[in-house]
Amino acid sequence: MPFVKNPTLLQRYNQALNLRGAAMGLLPSEHDLRMLVIDIDGTLTDENKLLHTGAVEALRKLEQAGIPVGLATGNVRPITWGLWRFLGITGPMICETGGVIWEPQHEQLLHMADGARSRAAAEWLSTQIDGLDASGIESNAWRESEWCLKVQEDDERIRELLSNSEWPDLKVVRTGFAIHLAEPQVNKGNGLLKSLEIRGISPQQVCVVGDAPNDDPLFEVAGWSIAVGGAFESTAELADVKSPYFRADTFPHLVNEWLA
């Protein structure tokens, strides 16, 4: 793509890519991948939470080719379901970083925790850290299994305090949009395994795409993993492939390669 005046972050990223002459495959040369499961925030969206329309069209093409697409997200069930429905996809919905697994086509709704301890810990933290807002992010109004604090809170201090509290086992996971407080069994990897058990699909037949530390457990259990361009470096290091394309710009290239 040519240089443009005052380029957006995506354009700057892709200009640098083109200048390097980078070209790489996102999938193994031979595979038996039968499902795609993706993160939403920072993966299907940009840093402003705006959907990439080219990615939407690409995911629909994959579905039309008989490859189910699922969502594995830190988002709550109402948001996940709305996006799942409007995208026109049929794969699993793994919500709240794996705390809620919803398979409406299989009449299965699983809760891995009830969120009570996470919320109580947030309330206690607000008495220990000056200015910490225990109410957290807006979507907590619908949370069923965990609690999320605002992204600007000090996650290192939170971990330190919780380690000496009545909630030392709670996980503290930072993403680009929130700090998640969750029970130790709650993660996207466990959520994916539950969904695949319902569907009778092997984890080795699943490709996952993400950008943040809450996607790390997905990468550990799936047959193939892709970190989008712009991902947390620690997450990118765990992936089978680091996409050279910025965030959701990965998907048109991935689907074209998958269907070639």
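**Close-ups of a predicted fold**

**View A. A right-handed β-α-β unit built from β10, α8 and β11.** β10 and β11 run parallel, joined by three bridges. Look for Gly229, which sits opposite Phe246 in β11. Five of the six residues of β11 are buried, so this strand is largely enclosed by the rest of the structure.

**View B. The open, eight-stranded sheet.** Reading across, the strands go β5-β4-β3-β2-β1-β9-β10-β11, with mixed pairing. From one strand to the next, the twist averages 20°.

**View C. β1 alongside β2.** β1 (residues 35–38) pairs with β2 in the parallel sense, over three bridges. Val37 faces Gly70 of β2 across this pairing.

**View D. Helix α3 packed on the sheet.** α3 touches β2, β3, β4 and β5, and its direction makes about 150° with that of β3. Which residues of α3 (residues 77–87) are buried? They are Arg77, Thr80, Gly82, Leu83, Trp84 and Leu87. An α-helix has 3.6 residues a turn, so residues three or four places apart point the same way. The cover over the buried α3 residues includes α2 (53–64) as well as strands β2 (69–72), β3 (93–95), β4 (100–103) and β5 (108–111). Just past the helix, Gly88 adopts a positive phi of about 80°.

Terms used: Residues numbered from 1 in each chain as written. Predicted model: local features only at pLDDT ≥ 70, side-chain atom pairs only at ≥ 80, totals over all residues. Heavy atoms only, no water. Buried < 20%, exposed > 50% of the residue type's maximum accessible area, 1.4 Å probe, protein only. Helix = DSSP H or I, 4+ residues; strand = E, 2+ residues; numbered from the N terminus. Contact = heavy atoms within 4.5 Å. Pairing = 2+ DSSP bridges. Axes fitted to C-alpha atoms, helices over the stretch in contact; angles between N-to-C directions. Right-handed = clockwise from strand over helix to strand, strands pointing away.
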